[in-house]
Amino acid sequence: MKRKIIKAQNISITKCTNSLVLLVLDGQCSVLKFNKIKNYQKQDVIFIEKDDIYALKGNCILAIIELEKNEIKDTELVDALDSMDLKKDVSNTYRDCIFIKNLLSVFNNDEHIKEIVDALQNDYCLLNNFHHHLLQLTNSQKKLYLDVKKIVSDNYSCKLSLNDIAYALNIQKNLLCTKFKEISTATINQYINTIRLKKAQELLLIENMDSDEIIKKCGFSDRKYFYRYFKECFGYTPLQYKAAMESYRTDNYKTITNEGKYYLDLMKKELDSLDTDTHFYLLYKEVKKLEQLANISSTNIICDVLNPRNYLHIDNESINTWYGFDLLNSYVLKYQLSLEIVFIMDKNTTIKQLDEALNLLDKSRNALDSRIIKNWNFSIIINDINTLNKKDYLLNRLKSLFKENRTNTRISL
């Protein structure tokens, strides 16, 4: 893993030789990635895939981590983390904060490299991008995606069809379409065209080839077909696109070391104000430790959903976050563990708190695999007689959410 901090105004059009993680420490920039140009600012993270074409314009300080091929495998990274904005989902803010803290730590401590790679593989890979906060694909789904990806990557320059891929994988065509749609927002044919257009972009901008050469090398059937798909993807004809990209063809950046350390320390200080060890995240770390000790099979996970650690306090307002709940449930699915969701109610418990927790529970229920949900059970612990009426409210809400009674009630006065 290579790392450096640069002050950049321009990075010219480049083909990425290894996957890159770019963290904006200060300033703003616009980044070209494939067919999109996006704006980024301080505390944004940009992921660049191996073999992707990218370029940058702006005035910013960047921390750059280059991941060697053997460090991260078979992963397509999502576009970027959102800005640290408390208006967005609080759980995502926690997740992004932890990830950025680890990125900063990589510059001083190699022990965090594995954490970064794990996070890239699990939290930010495209394989589960369409609901990556709460759902991970099964191993068979990942295998199918990677098998299709390899076949297309190896054969995009040839005449390649859905039938060819189905035959190579020994699977019925209709079944392949259905399964691929479950794991991707694109059809097989759309995916083939995307791979071809990525290569066409490289040959046009890096190799300086003309359209006829590109058509032959990228497997397009004819000029009309190529021009139509190229314009749909990039918004220009190939010649127009090449001219439009001229402003991305200059380099103006330099590596900074001492000054860069100042920006690293400044961002770390800002992020340290957010305590990311929620109750759920602490439970997740405990379960992860049990897995490493090969002592996880009989684990019963008990989640206190009203735990004070799950509340983020901002300007006299308390916001409930379930950061870590999805991570816990990845172990529930993987090892078929039992998960007990506990509501401990006392005189200070409010209907608003119950509603917030139930809404987050409902959101998780809708996003998670049904194989996880069947391992959930609920307990209500009453520590004050004045909360008995709230107990009935809670029971009714749980029954309406799960259509069955899985709740034990215990009164402890």
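**Notes on the predicted model**

1. Glu 202 counts as buried, because its relative accessibility is 8%, where buried means under 20% relative accessible area, exposed over 50% and partly exposed in between, with a 1.4 Å probe and protein chains only. The side chain of Glu 202 meets that of Lys 15 in a salt bridge, at 3.0 Å from N to O, a salt bridge being a side-chain nitrogen of Lys or Arg within 4 Å of a carboxyl oxygen of Asp or Glu. Glu 202 lies in helix 6 (residues 188-205) and Lys 15 in strand 1, so the pair ties together parts that are 187 residues apart in sequence. Lys 15, for its part, counts as partly exposed, at 30% relative accessibility.

2. On the basis of these values: this is a predicted model, in which local features need pLDDT of at least 70 and side-chain atom pairs count only at pLDDT 80 or more, while totals for chains, interfaces and linings use all residues. Residues are numbered from 1 along each chain as its sequence is written, and side-chain values use heavy atoms, with hydrogens and water left out.

3. On the overall fold: the protein chain has 15 helices and 13 strands, taken as DSSP runs numbered from the N terminus (helices H or I, at least four residues; strands E, at least two). The C-alpha trace spans about 80 × 60 × 40 Å along its principal axes, and 49% of the 413 residues are buried. Of the contacts with a separation of 6 or more, 75% are between residues 24 or more positions apart, contact meaning heavy atoms within 4.5 Å.

4. The 59 positive and 54 negative charges have mean positions 4 Å apart, where Lys and Arg count as positive and Asp and Glu as negative, without His and the chain ends, and where each charge is placed at NZ of Lys, CZ of Arg, CG of Asp or CD of Glu.

5. On the other salt bridges: the structure holds 20 of them, including one between the side chains of Glu 259 and Lys 7, at 3.2 Å from N to O. That pair links distant parts of the chain, with Glu 259 in helix 10 (residues 258-271) and Lys 7 in strand 1 (residues 2-15), 252 residues apart. Glu 259 counts as partly exposed at 33% relative accessibility, and Lys 7 likewise counts as partly exposed, at 30%.

6. Lys 391 counts as buried at 17% relative accessibility, whereas Asp 392, at 39%, counts as partly exposed. Elsewhere, salt bridges that share partners join Lys 15, Lys 199 and Glu 202 into one network.

7. Which charged residue is buried yet has no salt bridge? Asp 304 is such a residue, and the nearest side chain of opposite charge, Arg 309, is 10 Å away. Asp 304 is placed in strand 8 (residues 300-304) and, leaving aside residues up to four places away in sequence, touches His 279, Asn 310, Val 342 and Ile 344.

8. On the cysteines: a search of the whole structure finds 0 disulfides, a disulfide being a pair of cysteine sulfur atoms within 2.5 Å. Cys 29 is in no disulfide, and the nearest cysteine sulfur, that of Cys 60, is 4.1 Å away; Cys 29 counts as buried at 5% relative accessibility. Cys 218 is also in no disulfide, with the nearest cysteine sulfur, that of Cys 158, 12 Å away, and Cys 218 is buried with a relative accessible area of 0%.

9. On backbone angles in loops: Asn 208, in the loop between helix 6 and helix 7 (211-218), has a phi near 60°, a positive value in a residue other than glycine, and counts as exposed at 52% relative accessibility. Ala 294, in the loop between helix 11 (279-292) and strand 8, has a phi near 55°, again positive in a residue other than glycine, and is exposed with a relative accessible area of 72%.
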